Amino acid sequence: MKTYKYSDLSTSDIQKLVQRNVDQANEVRAVVEEVIAEVRANGDKALISYAAKFDKVELEKLYLDKDELITIAASVTTEQKAAFEVAYHNIYKFHQAQLKTEDKIETMPGVTCWRELRPIEKVGLYIPGGSAVLPSTLLMLGIPALIAGCREIVVCSPPQKDGKVNAFIAFVALLLGIDRIYLAGGAQAIAAMAYGTETIAKVDKIFGPGNQFVTKAKTIIQSTTTTAIDMPAGPSEVLVIADETCNPSFVAADLLAQSEHGPDSQAILVCTSDKIADEVLLEVEKQTPALPRAEIIRAALKNSYFVITDTLDEAMSFSNAYAPEHLILATLEWERLTAGILNAGSIFLGNLTPESAGDYASGTNHTLPTSAFARAYSGVSVDSFVKKITFQHITAEGIANIASTVEILAELEGLLAHRNAISIRKEK
């Protein structure tokens, strides 16, 4: 793995180093725009064609119904079901606490303002199914959608070679009360949920992670349709800050855990000495051969690197520039460092908090901003599935108190009809 000395890096060097998943030649965009146009023009026919092309399966229909999901889920063992149920409980408990009623505020006598939550009516959940099938993502998206009260939940996931979905995805769908899964993946699934087809309903907002093609499709449809997206959530990434109080074997395990997502994943170690870097690298070399996805891991590690800093504060400065999806503080000083965190999707504190706990069952959401979008985006939460609508009510006393302010401001902006709308109430 490549290693850099923080003290040798200029500001421009750091800016180049933290860039990832940049489509400078617009190659990904060109492919995705063609897919979107095809789905928009030909609907179900295009989806069936893309399933044959990309998923190598001939589909007779584009969905699995409840009875089919029950049959598929029958192979899930009792132990596996119990694990899903514990994860469901923890995720539900954490997200349920996010649903809060706000107080009404009297901004001046007779003028009361407040906000109320309303669910987004139709949401689309994209569940990846490429090199790794992710039923945990269906939990992470489906639970807050249920808590928010979304009326219609559309789930899309790529078909497997047998024209079905993984048994675990089927089980989680049933656990969530979802009785239909649409067999569409990639950019074509995003286009189907954004525009609608004969079978798949158009939704108001699309959620879910994916590869560069899925992420590009989401960013395109957000700017060209009335369908919103949760965030750009592309290839996964982790940044680990470590000092001499870390456990190198734990750090290596965390880097490898992220790397096995896919060859375009990235795992960054920022540590305070060459000794730590060497010890972690030895552990990476030791642990990798025993892992079944070792080939994918090695490809991801080629995109990854180490940064050696003199202090933890320098390490945090680099992390804020990188804005990682996942940030692990592998140090006993994690409490001191948390106040300095500006940009990160989700944070894992101390040597006993692996990122995989958050991926599956601690309760936090694992659908997070990648590719430095953590500078401006938050991870998925119940808030992602609701609209916060403002209300105001003005009494006769309120009109008397606020009228002159509104009249003056409307007049100075030259909007006299605005002024009249309050003046006529004041006079009467």
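Guide: Let us begin with a term: a contact means heavy atoms within 4.5 Å. The model is a predicted one, and among the contacts in its chain with a separation of 6 or more, 75% are between residues 24 or more positions apart.

Visitor: How do you know what part of the chain counts as buried?

Guide: A residue is called buried when its relative accessible area is under 20%. By that cut-off, 48% of the 428 residues of the chain are buried. The accessible surface of the chain amounts to about 20,400 Å², and carbon and sulfur atoms hold 52% of that area. The C-alpha trace spans about 85 × 60 × 45 Å along its principal axes, and the chain contains 16 helices and 15 strands.

Visitor: What makes strand β11 count as mostly covered?

Guide: The cut-off for buried is under 20% relative accessible area, and 6 of the 6 residues of β11 (residues 266-271) are buried. Gln 266, Ile 268 and Val 270 point one way from the strand, while Ala 267, Leu 269 and Cys 271 point the other way, and all are buried. In a regular strand, side chains alternate between the two faces of the sheet.

Visitor: How do you know that β10 and β11 pair?

Guide: Two strands pair if at least two bridges are found between them. Strand β10 (residues 237-242) and β11 share 6 bridges in the parallel sense, and therefore they meet the definition of a pair. Within this pairing, Val 240 has Leu 269 of β11 as its bridge partner.

Visitor: Why are β2 and β9 said to stand at the edges of their sheet?

Guide: The open sheet has 6 strands in the order β2-β7-β6-β5-β8-β9, with mixed pairing. β2 (63-64) and β9 (228-229) each have a single partner strand, so one side of each is left without a neighbour in the sheet. The partner strand β7 (residues 181-183) pairs with β2 in the antiparallel sense over 2 bridges. Leu 64 stands opposite Ile 181 in β7.

Visitor: What makes up the lining of each cavity?

Guide: A lining residue has an atom within 4 Å of a point of the cavity. For the largest cavity these residues are Asn 247, Phe 250, Val 251, Asp 254, Ile 328, Ala 330, Gly 350, Asn 351 and Thr 353. The elements giving two or more residues to this lining are α9 (248-259) and β13 (326-330), and α9 gives the most, with 3 residues. The lining divides into 4 nonpolar, 4 polar and 1 charged.

The second largest cavity is lined by Leu 47, Ala 51, Asp 55, Pro 159, Leu 183, Ala 184, Gly 185 and Gln 188. Its lining divides into 5 nonpolar, 2 polar and 1 charged.

Visitor: What is known of the second largest pocket?

Guide: About 370 Å³ of space lies in this pocket. Of its 19 lining residues, Arg 20, Asn 21, Val 22, Ser 371 and Phe 373 lie nearest the centre. Helix α8 (residues 212-224) supplies the largest share of the lining, 4 residues. By residue class, the lining has 7 nonpolar, 8 polar and 4 charged.

Notes:
Residues numbered from 1 in each chain as written. Predicted model: local features only at pLDDT ≥ 70, side-chain atom pairs only at ≥ 80, totals over all residues. Heavy atoms only, no water. 1 Å grid on protein atoms, 1.4 Å probe; cavity = no way out; pocket = protein on both sides within 12 Å on 5 of 7 lines; lining within 4 Å. Nonpolar A, V, L, I, M, F, W, Y, C, P; charged D, E, K, R; others polar. Buried < 20%, exposed > 50% of the residue type's maximum accessible area, 1.4 Å probe, protein only. Areas by Shrake-Rupley, 256 points an atom, 1.4 Å probe, with all protein chains shown as cover. Points joined across faces, edges and corners; volume = space filled by probe spheres on them.
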